[in-house]
Amino acid sequence: MTSQAAEGPESVAASRRSKITPEREQEFFDAVLDQIRQCGYDALTMEGVAASTRCSKSTLYRQWRTKPQFVAAALRANHCPKFIGIDTGSLAGDLRAVARAAGERSDEDTRLLQALGQSVMQDDELQRALRDALVEPELDALRAMIGRAVERGEITADHPVLEFVPAQLLGMLRVRPILEGRPADADYLLRYVEVALLPALGLTEGT
């Protein structure tokens with residue numbers, strides 16, 4: 001048995017990655033996501049990333065053996081949950097803060113999701129990475145907000161709208177660019193929360 005086999009795949013992968021500094025690795029990840037936003041997933045190539053970051057193609061292949069693995073690593077490394085830490089003391093205040101936070105990066109996130117497109121549905125690794133990076137952290141934060149509101153007695157745990165709050169908020173980020181050709185910015189999301197979501201939850205203005 002070779003020393004690499006004895007170490008196992010995780011140790012071998014860590015050994016490969018250790019040859020690149022974290023700063024350099026981040027340059028690669030930024031380049032990958034930028035090219036996806038600009039050209040789409042299908043047009044992304046290892047050669048293109050190598051050229052834009054001035055490295056050899058073999059360097060990238062040593063670190064990430066396939067394009068899906070490279071993109072998945074970039075998604076996980078660049079995740080920046082927007083809703084974690086929001087706690088205003090009321091569910092209405094939390095949802096307004098969520099709208100502001102989501103609107104600040106809606107254009108960038110939406111372009112990335114649209115550029116990944118059908119490829120995410122066809123590649124399990126990409127789909128898991130997308131959920132890990134952009135979906136699950138936000139869902140967990142929203143569920144925590146709802147849980148606190150239930151504990152405070154602001155809303156009952158069996159309120160029928162609660163189940164759909166994450167889908168409504170995150171769905172608006174995807175829908176407006178398709179319907180209107182514009183990102184769901186903070187102003188748009190705040191108006192949606194005020195005129196649609198809060199009334200549906202039975203939360204009055206000013207709560």
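Mentor: A disulfide is a pair of cysteine sulfur atoms within 2.5 Å. Keep in mind that the model here is predicted.

Trainee: OK, how many disulfides does that rule give?

Mentor: The count is 0 disulfides.

Trainee: And the cysteines themselves, is C39 buried or exposed?

Mentor: C39 counts as exposed, because its relative accessibility is 52% and the cut-off for exposed is over 50%.

Trainee: What about C55, buried or exposed?

Mentor: C55 has 19% relative accessibility, so C55 counts as buried. The limit for buried is under 20%.

Trainee: Let's step back. How many helices and strands does the protein have?

Mentor: There are 11 helices and 0 strands. Read from the N terminus, the elements go α-α-α-α-α-α-α-α-α-α-α.

Trainee: What share of the residues is buried?

Mentor: Of the 207 residues in the protein, 43% are buried.

Trainee: And what share of the contacts comes from residues 24 or more positions apart?

Mentor: Such pairs account for 68%, taken over the contacts with a separation of 6 or more.

Trainee: Next topic, pockets. What is the volume of the largest pocket?

Mentor: The largest pocket comes to about 460 Å³. Its lining consists of 21 residues, and L113, L130, L134, V135 and R174 are the ones nearest the centre.

Trainee: Which elements give two or more residues to that lining?

Mentor: Those elements are α8, covering 106–122, then α9, and α10, covering 165–180. The largest share is from α8, with 8 residues.

Trainee: How does the lining of the largest pocket split by class?

Mentor: By class there are 11 nonpolar, 4 polar and 6 charged residues.

Trainee: Which residues line the largest cavity?

Mentor: C80, P81, K82, R105, D109, A133, L134 and E138 do. Helix α9 gives the most to this lining, with 3 residues.

Trainee: And by class?

Mentor: The lining of the largest cavity has 4 nonpolar and 4 charged residues, and no polar ones.

Trainee: You listed E138 there. Where is E138?

Mentor: E138 sits in helix α9, which covers residues 124–152.

Trainee: Is E138 buried or exposed?

Mentor: E138 is buried, because its relative accessible area is 3%, and buried means under 20%.

Trainee: What does the side chain of E138 reach?

Mentor: The E138 side chain reaches the backbone nitrogen of F83, at 3.2 Å. Leaving out residues up to four places away in sequence, E138 touches C80, P81, K82 and F83.

Trainee: One more residue, R152. Which helix is R152 in?

Mentor: R152 is found in α9. At 36% relative accessibility, R152 counts as partly exposed, because that class lies between the 20% and 50% limits.

Trainee: What does R152 touch, again without residues up to four places away in sequence?

Mentor: R152 touches D87, G89, S90, L91 and D94.

Trainee: Take L91 from that list. How many residues apart along the chain are R152 and L91?

Mentor: R152 and L91 are 61 residues apart along the chain, and their C-alpha atoms are separated by 9.5 Å.

Note on methods:
Residues numbered from 1 in each chain as written. Predicted model: local features only at pLDDT ≥ 70, side-chain atom pairs only at ≥ 80, totals over all residues. Heavy atoms only, no water. Helix = DSSP H or I, 4+ residues; strand = E, 2+ residues; numbered from the N terminus. Buried < 20%, exposed > 50% of the residue type's maximum accessible area, 1.4 Å probe, protein only. Polar contact = N/O pair within 3.5 Å; in protein donor to acceptor, adjacent residues only side chain to side chain. Contact = heavy atoms within 4.5 Å. 1 Å grid on protein atoms, 1.4 Å probe; cavity = no way out; pocket = protein on both sides within 12 Å on 5 of 7 lines; lining within 4 Å. Nonpolar A, V, L, I, M, F, W, Y, C, P; charged D, E, K, R; others polar. Points joined across faces, edges and corners; volume = space filled by probe spheres on them.
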